Amino acid sequence: MKLYLAPGACSLAAHIALHEAGIDFDRITVDLRAKRTEDGADFTSINPKGYVPTLVLDDGSTLTENVALLDWIAQRSGKPLPGGELGRTRLLEMLAFISTEVHKQFGRLFFPTSDAEKTAALDKVAQRLQYLAGQLKGDYLFGNEMSVADAYLYVMLRWADGKGATVPAALQTYRQRLEARPAVQLALRHEGLDAK
Ligand SMILES: N[C@@H](CCC(=O)N[C@@H](CS)C(=O)NCC(=O)O)C(=O)O
């Protein structure tokens, strides 16, 4: 299987989650501006949406969208989901929140059209992170076992820090806890990134 990624982009979540799950995969770096893969292929011929993460399975199926990839990795990991009967639904609820309510705000921070918009987005990110800090059920979002949602939130925390959003103290400690994990360190090393 192949994971198409860009260093430090949201594809870092699937990258971490695959390592955490112990799934073998090849990494292919994409130049998102040029829409070219590191081996010179036209990325839009692999994912017409033109964005990462993209996961191409061994049978040739192509998976896109963070929520779908992370849910697929969670199912393939063989680890039971926390939360009993509602476990998968709760995981999807969390992934959807991170995707649509946190991740999407960063578009306004990476490409702001005005200072007012940037301030509004920073406020919104801070609000959402405050909510998420209150959702920690132990060391991680769903208890003392890390889940794919934590991998996604980890990327949001890196971005929040880079853009100067207020990150609650509980999530700063949580980030350090994640950065102590070998799978996170491996993914960071592969992408040429530093922990805090
Ligand atoms: N809806 C997509 C959005 C993914 C996304 O925003 N990817 C960014 C990197 S974090 C990207 O590849 N942007 C390049 C582009 O849109 O041209 C998902 O959740 O997977």
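Trainee: Is arginine 158 buried or exposed?
Mentor: Arginine 158 is buried, because its relative accessible area is 17%; buried means under 20%, exposed over 50%, and partly exposed in between, with a 1.4 Å probe and protein chains only. Please note that this is a predicted model, in which local features need pLDDT of at least 70, side-chain atom pairs count only at pLDDT 80 or more, and totals for chains, interfaces and linings use all residues. Residues are numbered from 1 along each chain as its sequence is written, and side-chain values use heavy atoms, with hydrogens and water left out.

Trainee: Where is arginine 158 found?
Mentor: Arginine 158 belongs to helix H6, residues 148-163. Helices (H or I, at least four residues) and strands (E, at least two) are DSSP runs, numbered from the N terminus.

Trainee: With which side chain does arginine 158 make a polar contact?
Mentor: The partner is the side chain of tyrosine 154, at 3.0 Å. A polar contact is a pair of N or O atoms within 3.5 Å; within protein, one must be able to donate a hydrogen and the other to accept it, and residues adjacent in sequence count only if both atoms are side-chain atoms.

Trainee: Which residue forms a salt bridge with arginine 158?
Mentor: That residue is glutamate 179, and the closest N and O atoms of the pair are 3.9 Å apart. A salt bridge is a side-chain nitrogen of Lys or Arg within 4 Å of a carboxyl oxygen of Asp or Glu. Arginine 158 lies in helix H6 and glutamate 179 in helix H7 (residues 169-179), so the pair ties together parts that are 21 residues apart in sequence. Glutamate 179 counts as buried because its relative accessibility is 8%.

Trainee: Which residues are linked in a network of salt bridges?
Mentor: The network links Arg158, Asp161, Arg175 and Glu179.

Trainee: How many salt bridges does the structure hold?
Mentor: It holds 9 salt bridges. One of these joins glutamate 65 to lysine 49, with the closest N and O atoms 2.9 Å apart. This pair links distant parts of the chain, 16 residues apart: glutamate 65 is in the loop between strand S5 (62-64) and helix H2 (66-76), and lysine 49 is in the loop between strand S3 (36-37) and strand S4 (54-56).

Trainee: Why does lysine 49 count as partly exposed?
Mentor: Lysine 49 counts as partly exposed because its relative accessibility is 43%. Glutamate 65 is also partly exposed, with a relative accessible area of 33%.

Trainee: What does glutamate 101 form with arginine 128?
Mentor: Glutamate 101 and arginine 128 form a salt bridge, their closest N and O atoms being 2.7 Å apart. Glutamate 101 is in helix H3 (residues 87-103) and arginine 128 in helix H5 (residues 115-133), so far as placement goes 27 residues apart. Glutamate 101 is partly exposed at 27% relative accessible area, whereas arginine 128 is buried at 18%.

Trainee: Changing topic, where is histidine 190?
Mentor: Histidine 190 lies in helix H8, residues 182-190. From C-alpha to C-alpha, histidine 190 and arginine 27 are 8.8 Å apart in space, although 163 residues apart in sequence.
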